[in-house]
Amino acid sequence: MNLRFKDLLLVSGSSRNVGKTTFICDVIASSPLKKMAAIKITPHFHEPGKGLIPIVENSNFRIYEETDYTSDKDTSRYLRAGAEKVYFIQTTDDYLKEAFQLTSVLLDPDLPFIVESARLRHILVPELFVFVQGSDAIEKPWAIEMRQLADTTVFSDGEEFSFNPRHVYFHKFWKIDEHDYA
């Protein structure tokens with residue numbers, strides 16, 4: 001059984017460079033709340049760059065807090081958009097649940113948060129799940145599955161979206177302003 005996570009907006013996408021990070025940054029920047037956290041999860045392991053403060057580093061996963069506002073990394077972009085805390089997780093699918101649970105205890109329980117992850121929906125049910133679909137057809141089976149599980153699909157050319165990310169907001173729970181679909 002999947003865990004339910006209130007206050008969580010999950011964003012996944014059909015592939016790389018479809019606009020997931022831009023979408024998330026637009027949601028953060030337009031939020032009237034002004035306090036939220038963001039997490040980026042990737043299965044790719046690489047050496048941490050400037051500004052990544054290690055929290056856990058082992059052979060199964062790595063968890064960092066992002067502190068650098070100046071780089072072009074997705075996590076730095078979250079900070080510049082206004083996220084109060086940003087975490088970066090590198091993990092294989094086998095350790096995703098453990099890595100996410102360890103990171104989630106670092107979050108302020110009174111603040112909403114946004115996660116960019118291709119596979120997190122396998123282990124939990126977020127309050128709102130947005131799938132960002134690029135202009136190319138979906139080829140990867142996991143992406144097809146994630147789109148089917150999503151609450152809504154946003155179409156993107158990598159920079160512009162089929163509905164404005166400002167219409168995704170948090171007020172007691174994550175919502176999409178329905179007037180945007182009219």
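Buried means under 20% relative accessible area. I'm jotting that cut-off down before anything else, and also that I'm working with a predicted model.

**Entry 1: Phe170 and Trp174**
I looked up Phe170, and its relative accessible area is 12%, so it is buried. Trp174 comes out at 4%, so I put it down as buried too. The rings of Phe170 and Trp174 make an aromatic pair, with 5.5 Å from centre to centre. Their planes are 70° apart, and the pair is edge-to-face.

**Entry 2: counting pairs**
How many aromatic pairs does the structure hold? I got 5. One of them is Tyr64 with Phe88: the planes sit at 25°, and stacked needs under 30 degrees, so this pair is stacked. The ring centres of Tyr64 and Phe88 are 6.4 Å apart.

**Entry 3: where Tyr64 and Phe88 sit**
Are Tyr64 and Phe88 buried or exposed? Tyr64 has 0% relative accessibility, so it counts as buried. Phe88 has 7%, so it counts as buried as well.

**Entry 4: a cluster**
Next I checked for aromatic clusters. Phe23, Phe161 and Phe163 form one.

**Entry 5: a charge and a ring**
Last, I looked at Lys175. Where does its charged end sit? I found it over the ring of Phe173, 4.7 Å from the ring's centre.

Methods:
Residues numbered from 1 in each chain as written. Predicted model: local features only at pLDDT ≥ 70, side-chain atom pairs only at ≥ 80, totals over all residues. Heavy atoms only, no water. Phe/Tyr/Trp six-rings, centres within 6.5 Å; stacked < 30°, edge-to-face > 60°. Buried < 20%, exposed > 50% of the residue type's maximum accessible area, 1.4 Å probe, protein only. Lys NZ or Arg CZ within 6 Å of the ring centre and 35° of its normal.
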